[in-house]
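Reader: I have a structure to look at and some terms to learn. Please take me through its aromatic rings.

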Amino acid sequence: MGPNTAVPVIAGVGAVVQRAEPDHAVEAVELMADSVRRAADDGAGSLIEQAGLILVPEGMWGYRDPAALVAERSGITGARTVFAAVGILQQSLFDRAATAIASGEADVVVVVGGEARHRARTAGKAGIDAPESTQDESVRPDTRLEPEADILHDLEIHRGLALPAAQYAVMDSALRADEGVTMDQHRTELARLWAAFGQVAATNPWAWDTSAPSADDILGQRPVATPYTRLLCSQWNVDQAAAIVFASADAARRAGLAEDRLVYPHAGVVSNHMVPLLQRPRLGRAASIDHVGQGIQELTGVAPAAASMHDLYSCFPAAVRMQARQLEIPLDPAPTVSGGMTFGGGPLNNAVLMALVRTVERLREDAGTAYVSSISGMITKYGAGLFGSEPGEGPFAAIDVADRVAAAVLPSATTDEHHGSATVLGSTVTSGPLRRQAVAVVETPDGARTVAESSEASVVGRFETDDHVGRTVVMHGTELRI
């Protein structure tokens with residue numbers, strides 16, 4: 001370490017799960033402030049008021065500068081505020097926090113986020129108001145982070161692939177075809193994997209759903225987008241919040257924190273290169289996963305698969321399966337410490353904060369290293385951090401491998417419509433309140449990609465029961481035919 005650098009540590013963590021009736025439940029910013037107080041009780045008490053920076057990822061609420069509201073409720077004065085819009089990787093917030101510590105920009109940084117979506121939904125059903133704190137229109141965070149491009153292609157938005165479950169189901173169909181398993185085998189494997197995630201959630205005190213359903217229970221749920229049932233999808237209607245207090249090791253020691261309470265960020269790697277699913281060379285593979293994993297190994301000497309524990313971003317099974325396959329991480333035991341976003345809880349843009357709280361607790365119990373990943377969009381952006389119970393071999397480092405990913409990925413051309421034969425690259429059948437629809441990403445004979453769809457009962461039925469990935473279909477304009 002150079003004379004002007006500091007060693008960043010995680011000095012305290014706090015999490016909140018609210019299960020109150022809507023007339024007694026508090027809003028999201030109160031949950032966030034409560035999680036900061038719990039992080040203080042976790043050992044970071046005397047450090048909290050020294051925070052020079054507060055970072056908050058956007059949620060399903062209307063706060064203009066949530067970090068300022070958290071600061072007011074937490075006794076923090078003078079801290080600069082950062083708001084990270086949806087589309088910013090949660091790993092990017094951890095990297096900013098650790099980098100601010102390492103560079104001497106701040107001695108203490110708080111990353112905090114939360115949701116009260118369950119409160120809003122239950123209050124609406126009960127006809128009860130669920131008000132939020134308001135801020136003057138002139139209020140602005142000191143820094144606002146925005147993604148540089150759109151997550152979805154226009155064709156995906158307008159032809160049945162705007163729903164995240166549908167996008168990930170299409171990826172899973174392509175991955176299944178690569179693996180050479182039948183549709184029935186695939187459904188069974190997904191249910192068993194998610195049942196294992198549920199078992200982990202049952203041991204997590206901050207999990208939203210600790211019921212640990214069986215594989216049969218998961219298979220028996222209502223369909224959302226084949227092969228996904230409701231319990232194979234992320235659960236974001238939760239009341240949860242999490243806070244992570246980063247500090248310099250010197251500040252933590254001055255505050256009297258014991259060495260065995262400190263967790264060390266070793267490295268953070270992200271890829272902010274964005275290519276919509278429709279244009280990716282292979283629907284069941286993401287080049288960003290490969291390059292982020294390689295980046296972690298380059299910076300730390302630890303391959304992702306060699307970490308002692310893993311929490312792979314788990315909005316849908318395809319995300320976990322693609323990461324595990326590309327990084328050679330076993331699926332048994334389940335690669336999660338939190339229980340995943342179906343059971344641990346998937347608060348919008350905040351799930352990795354919840355996972356990191358649990359990761360820190362586990363690293364204090366069982367010394368080692370943890371690989372924790374982040375996804376934005378439909379594996380549109382990918383990131384990961386390596387954390388350890390001991391300092392890393394070198395100083396903390398954070399890099400963006402977007403250039404490497406851009407060099408490795410040549411986006412496919414697209415076409416609005418097509419008449420004639422096309423090859424199915426991935427497909428699903430979505431089940432909504434108004435209609436069931438078959439949706440497929442297809443490639444035309446000249447190599448252009450498009451999205452085809454159909455609500456015709458015979459087509460939907462065939463796509464629901466028969467494997468069409470790799471097969472030739474017929475398109476008439478935008479309509480999918482067999």
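Author: Start with a term: buried means under 20% relative accessible area, exposed means over 50%, and partly exposed lies in between (1.4 Å probe, protein chains only). This is a predicted model, where local features need pLDDT of at least 70, side-chain atom pairs count only at pLDDT 80 or more, and totals for chains, interfaces and linings use all residues. Residues are numbered from 1 along each chain as its sequence is written, and side-chain values use heavy atoms, without hydrogens and water.

Reader: Why is Tyr168 called buried?

Author: Its relative accessible area is 1%. The limit is under 20%, so Tyr168 is buried.

Reader: What makes two rings a pair?

Author: Rings of Phe, Tyr and Trp (its six-membered ring) pair if their centres lie within 6.5 Å. Planes under 30 degrees apart count as stacked, over 60 as edge-to-face, and the rest as tilted. This rule gives 7 aromatic pairs.

Reader: Why is the pair of Tyr168 and Phe316 called stacked?

Author: The centres are 5.0 Å apart, within 6.5 Å. The planes meet at 20°, under 30, so the pair is stacked.

Reader: How do you know that Phe316 is buried or exposed?

Author: Phe316 has 6% relative accessibility. That is under 20%, so Phe316 is buried.

Reader: What makes Trp194 and Phe197 a stacked pair?

Author: Their centres are 4.7 Å apart, within 6.5 Å, and the angle between the planes is 25°, under 30. So they pair, and the pair is stacked. Trp194 is buried, at 1% relative accessible area. Phe197 is buried, also with a value of 1%.
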